[in-house]
Each structure stands twice: as C-alpha cells, then as structure tokens.
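Please keep the model in view while reading the points.

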Amino acid sequence: MTIELLSFGIIAGFIGGFFGVGGGMVLIPLLLFIGIDMKSAIAISIMQMVFTSLFGTFLNYKKNKQFLSSGILLGLGGFSGGILSGYIVSSISGFSLQLLFLFIVGFAIYRVALTKVIESSSNKTHNKYLLLVIGFFIGLIAMSIGVGGSVMLTPILVSFMFYSLKDASSMGLFFVVFSSIAGFISLSLHGHMLYNEGFIVGTASLIGVYFGIKLKNFINIKSYKNYILVLYCVIFISVLYKLFTSNF
C-alpha cells in the first residue's frame, strides 16, 4: 500500500497547490477506493494537509504577501473550530460523515457556478469579526470530514466578500494551515490519528504542491474557475458512487 499512498500524496499535493485546497477532497475518495474506512481516511487526510498547507502557503507568500492579514483572522477562527473536530468524528458514523462531505461539495459547486469572475480583490470586505466566525464554523465542519475547508471558504470569499478566485485560493490554503493543525491535535488526542500513513502521504504531497502552485500562476482566471468546477463535480460523483456501492 506504500506505493499507492505515495502516489495519492503527489496527486493530493498537486490539487492542493493548484486549487488552494488542503487536498482532502481528492485524497479521501482515493483512500476509500482502496478499502480504507472513512474515519481512517479522514485522519490520513488531515495529516497530509498539514504538510501541503504549510509548504503551499510558503510558496504563495513569495508570490503575494497581501493575503496574510485577512488569512490570519480566518485561520484563528478555523483553529478554534478545528480543535473541536475530534468530538464530532468520535460521535458521528462514517456513513453520516460521507453524506456531510457530499453536501459540502454540492454547496461549493452551486456557489462557484454562480460566481462572477473578477481579476482583483480591491473591493473585498474587511470585517474581522465576520472572518473569525466564518473561520470557526468552516474549521469545525471541515476537519470533521477530513477536508481543509477551502471547498467551503473559497465560494464564500468570492461570492459574498468580493475576493478574486486566485486570491481566495491563496487565503484558503493559508486557512488550512490553522484548521489542519487543530484537526491533527484533536484527532490525535481522541486516538484517531494514523501517523505512519499520514507521514507517507504528507511528504509525497510536497512534490505535488510545488508543481501545482507553479501551474496556477500561469492560468487565466476564467479557465481557473472552470477547472475548479470540474474538480468539484468529479469528486462529488466519485464519492456518491462509493457511498451507494458500499452501503446499498
């Protein structure tokens, strides 16, 4: 299984770097398809996201430093919510977590599809309390289903707070730093973390992150939106298929 985990790590890292997500949206379906249960997949995904988000944020920071001020507020909220995720994972069934995962991806598809493409973030809102609240609830939900939170955060930042897609993706990956570390701590304390598998996937993801961010900087914003929609739709269909074949 080591070869599969290394391959999945590179794929998840590339997706995470390119789309500004933690990579869990891709990694969890891949892990489910090779027979890993939902709660174990969540644990591996969260540990991988720590690697992906830290390295990806460093690369984004070298390109654009402006996203940090708002990103910190979101991140602090995300950390507060993520630290409680272990309680949810401990008390909710794997089937219910998969349903929640599908709902979140479906919401993201809907919001991104309605989003108008803008090139800059000059009109963005700076309500620090709202950013903290948004970060808290996204961190709580996202870490409970093994994703970084960008799948929810990016549509909100673009649709309601007037960030460009690329700026929102950079903030989303920075947000994942806080939420994934909190989730890692919480799941570790509750005995759910798989350290060996998570480390294998996480280290491999660094390769993918590097090339994903490099490619993102060359893509125009309209094409970028279409790529995001394609990704979300593929993930939604794959998890829905796995859910029905495993439980019905």
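1. Basis. This is a predicted model, in which local features need pLDDT of at least 70, side-chain atom pairs count only at pLDDT 80 or more, and totals for chains, interfaces and linings use all residues. Residues are numbered from 1 along each chain as its sequence is written, and side-chain values use heavy atoms, with hydrogens and water left out.

2. The core. The largest nonpolar core has 65 residues, and Phe 101 and Tyr 232 have the most contacts inside it. A nonpolar core here is a set of buried Ala, Val, Leu, Ile, Met, Phe, Trp, Tyr and Cys residues joined through side-chain atoms within 4.5 Å. Buried means under 20% relative accessible area, exposed over 50%, and partly exposed in between, with a 1.4 Å probe and protein chains only. The elements that give two or more residues to this core are α1 (2–19), α2 (24–33), α3 (38–63), α6 (94–114), α7 (128–145), α8 (150–160), α9 (165–189) and α11 (221–247). Nine residues, the largest share, come from α11. Helices are DSSP runs (H or I, at least four residues), numbered from the N terminus.

3. Helix α6 and Phe 101. The 21 residues of α6 should span 30 Å at 1.5 Å a residue, and the end C-alpha atoms of α6 are 31 Å apart, which agrees. The expected span is 1.5 Å times one less than the number of residues. Phe 101 is among the buried residues of α6, which also include Leu 97, Leu 102, Ile 104 and Val 105; Gln 98 and Arg 111 are buried as well. Outside four places in sequence, Phe 101 is in contact (heavy atoms within 4.5 Å) with Met 25, Ile 28, Ile 145, Val 147, Ile 235 and Val 239.

4. α1 has 18 residues and reaches 26 Å from its first C-alpha to its last, close to the 26 Å expected. Its buried residues include Leu 5, Phe 8, Gly 9, Ala 12 and Gly 13. Gly 20, with a positive phi near 70 degrees, follows α1. What does Ala 204 touch, not counting residues up to four places away in sequence? Ala 204 touches Leu 6, Gly 9 and Ile 10. The C-alpha atoms of Ala 204 and Gly 9 are separated by 4.9 Å, although the two residues are 195 residues apart along the chain. Ala 204 is found in helix α10 and, at 6% relative accessibility, counts as buried.

5. Ser 45 lies in helix α3 and counts as buried because its relative accessibility is 0%. Residues up to four places away aside, Ser 45 touches Gly 24, Leu 27, Ile 28 and Gly 146. Leu 194 sits in the loop between α9 and α10 and is partly exposed, with a relative accessible area of 26%. Beyond four places in sequence, the contacts of Leu 194 are Ser 40, Ala 43, Ile 44 and Met 47. From Leu 194 to Ala 43 there are 151 residues in sequence and 6.1 Å in space, C-alpha to C-alpha.

6. Helix α8. Ten of the eleven residues of α8 are buried, so α8 is largely enclosed by the rest of the structure. Among them are Ser 150, Val 151, Met 152, Thr 154 and Pro 155. Phe 162, which follows α8, has a positive phi, near 65 degrees.

7. Cavity. How many cavities of 30 Å³ or more does a search of the whole structure find? The search finds one, and the largest cavity has a volume of about 30 Å³. The lining is Val 21, Gly 22, Gly 23, Gly 24, Met 25, Val 147, Gly 148, Gly 149, Ser 150 and Val 151. α2 and α8 each supply at least two residues of this lining. On a 1 Å grid over the protein atoms alone, a cavity is a set of points where a 1.4 Å probe fits but cannot get out; a pocket is an open set with protein on both sides within 12 Å along at least five of seven lines; lining residues have an atom within 4 Å of a point. Grid points are joined across faces, edges and corners, and a volume is the space filled by probe spheres set on the points.

8. Pocket. About 150 Å³ of space lies in the largest pocket, which is lined by Leu 59, Lys 62, Lys 63, Tyr 210, Ile 213, Lys 214, Asn 217 and Phe 218.
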